[in-house]
Number of protein chains: 2
Amino acid sequence: MFVDRLITAIKKYDNPTVAGLDPKLDYVPAAIRDKAFRAHGEGFRGAAEAITVFNKRLIDALCDIVPAVKPQLAYYEMYGTEGIRAFEETCRYARTKGLLVIADGKRNDIGSTAQAYSTAYLGRTKIETNESPAFDADALTVNPYLGYDGIKPFIDDCVSYEKGIFVLVKTSNKSSGQLQDLVTEDGKHIYEKVAEMVDEWGSQAMGQNGYSSVGAVVGATWPDQAAVLRGIMKKAYILVPGYGAQGGTAADAVRSFNDDGLGAVINASRSIMCAWKSERWKGKYTEDSFDHAAREEAIRMRNEIRQALSERDISH
Amino acid sequence: MFVDRLITAIKKYDNPTVAGLDPKLDYVPAAIRDKAFRAHGEGFRGAAEAITVFNKRLIDALCDIVPAVKPQLAYYEMYGTEGIRAFEETCRYARTKGLLVIADGKRNDIGSTAQAYSTAYLGRTKIETNESPAFDADALTVNPYLGYDGIKPFIDDCVSYEKGIFVLVKTSNKSSGQLQDLVTEDGKHIYEKVAEMVDEWGSQAMGQNGYSSVGAVVGATWPDQAAVLRGIMKKAYILVPGYGAQGGTAADAVRSFNDDGLGAVINASRSIMCAWKSERWKGKYTEDSFDHAAREEAIRMRNEIRQALSERDISH
């Protein structure tokens, strides 16, 4: 089961955090951009090459620190087909370095089309008599707005191919409450109703550690809701965005963990990718040593989360 | 405004229907597949080539009948980077034939990432000093689960680049009600709450015909809800899936129109792409004349929707 592979990797590195790979071209050092543009032109192909080189250096710097990377598909799609090639190459390279890959695509559709998305990211595409994976991520984020028949194909592939999904429950953004915080006639918020669904769906894909490969997304920016949701979805692994650049603190983020110290992974993207120019590391690193800065920031974040987890344990 | 271009095209062909391009490899005639596999190998590249040829023949057969095509991204993503190239080439070819392109991707994310998706499909990607479109669709389907800040970047690009969005409100699938039919404490369904948001958001992108480029998706499989939603979102153009293969009838589908005979476009995918082997046309067409069958089915559908609209008008 994916969730067991994730837990094994988290324990190996004693690090329940993942690095987001959301490579805006602005984040890529000028030297890498210039070289890529000289070789491939100042268009989509050159941009995609620059992003790929940037990602590979980040992966090299992080692969013995973090258990997983989370490429955000939007930042690849904006460079068209060449951008998708960069996504594919990033996933492939991360896997060769032993990292798990969580594709952040928030995909959703009716059942037959959800199956096509699931095939793309988690399953295998059949062409005549052969079957082979298209993007071969380890997990995918998905949106629950269409209900169970839009989720089931993903769950089936989680079981068949040892993959995972993270279902959006309470997202980190400011206006997440506009729909997710609506209160239903039985007095529950929509995010609680979705959490109940995730909990129920999860029983189909249980691993050996008491957790399910049907996980959830709960933003670090909503610590009180996170505590409630942790109680509803006891066996879901929770992917926690919103830490760092979006304002969630370590103390906020660890609200999504269970008492066993497991049950959640915290994501940081910009604070790692752009660490060299952050207030914290400015002066110590240059644009060209962005990967060393990313590594130091990933270690700092790991330690901060460890600390917050141990402090939380003491208060029990 | 996109919505005005859509209305102009609908009036030109007197046809408020769009053809979905969801090209499963099984749908592609053996002769096209074999030729593509011989030239490009029996892998993703060959499959993508087969799909592209299939789509182009459909576009040639339909481009003077329907105002728009709706490629479903999942069916391209399942062939990896090569599949995305087929999507890109399909969009490009459809535009050269004068068709509007509605990319069905149901994209969604927090604001900054929603901007990246919007850039990919509706806007222009900046690379150094140049800006150029990545996929350059005319409209995109989007998911409202994240609320307004996940929608606003798309609306801004609708205004800047004359594009459109269709926000999922009530989807055509069986389990759509699991979340969308939940009743809130003020007695309204979630789909009604989302419809109210769509109506409000739409005022930012009004065209010259009284309609907004912020549209909605409402399945033909829910005619009673469609009538309610039409009343809430008076100025939204409604994209109606679920007609034909999914069970929605013409009478169901026209519930999404306004009294002016405008306000909705009905999609059909499988019933057009696979018309040659349907009960209706079996015997008249062969696999190799799938495009002629698609054309005849598109004309039949157009006439059926026209008829249903005129009968509905009489009942007023």
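How many positive and how many negative side chains does chain A have, and how far apart do the centres of the two sets lie? Chain A has 39 positive and 43 negative side chains. The centres of the two sets lie 4 Å apart. Lys and Arg count as positive, Asp and Glu as negative, while His and the chain ends are not counted. Each charge is placed at NZ of Lys, CZ of Arg, CG of Asp or CD of Glu.

The model is predicted: local features need pLDDT of at least 70, side-chain atom pairs count only at pLDDT 80 or more, and totals for chains, interfaces and linings use all residues. Residues are numbered from 1 along each chain as its sequence is written, chains are lettered from A and ligands numbered from 1 in the order in which they are written, and side-chain values use heavy atoms, with hydrogens and water left out.

Chains A and B were compared by superposition. A rotation of 180 degrees, with 0.0 Å of shift along its axis, places chain A on chain B with an RMSD of 0.0 Å. The two copies are thus related as by a two-fold rotation axis.

Chain A contains 13 helices and 10 strands. These are DSSP runs numbered from the N terminus (helices H or I, at least four residues; strands E, at least two). The C-alpha trace of chain A spans about 60 × 55 × 35 Å along its principal axes.

Of the 316 residues of chain A, 64% count as buried. Buried means under 20% relative accessible area, exposed over 50%, and partly exposed in between (1.4 Å probe, protein chains only). The accessible surface of chain A comes to about 10800 Å², and 48% of it belongs to carbon and sulfur atoms. Areas come from the Shrake-Rupley method with a 1.4 Å probe; for residues, only the protein chains shown count as cover. Among contacts in chain A with a separation of 6 or more, 72% join residues 24 or more positions apart. A contact means heavy atoms within 4.5 Å.

Helix H7 of chain A covers residues 152–161. Its buried residues are A:Pro153, A:Phe154, A:Ile155, A:Asp157 and A:Cys158. Their cover includes strands E3 (100–107), E6 (139–142), E7 (164–170) and E8 (212–218) of chain A, together with helices H6 (111–121) and H9 (190–202). A:Glu162 follows H7(A) and has a positive phi, near 55 degrees. In chain B, H7 is followed by B:Glu162, with a positive phi near 60 degrees.

A:Glu128 lies between strand E4 (125–127) and strand E5 (130–132). Its phi is positive, about 55 degrees, although A:Glu128 is not a glycine. At 29% relative accessibility, A:Glu128 is partly exposed. A:Glu287 sits in the loop between helix H12 (270–273) and helix H13 (290–314). A:Glu287 is also partly exposed, at 27%. Beyond its neighbours within four places in sequence, A:Glu287 contacts A:Pro29, A:Ala30 and A:Trp276. A:Lys188 lies 99 residues from A:Glu287 in sequence and 48 Å away in space, C-alpha to C-alpha.

Key:
Least-squares fit on C-alpha atoms with pLDDT ≥ 70 in both.
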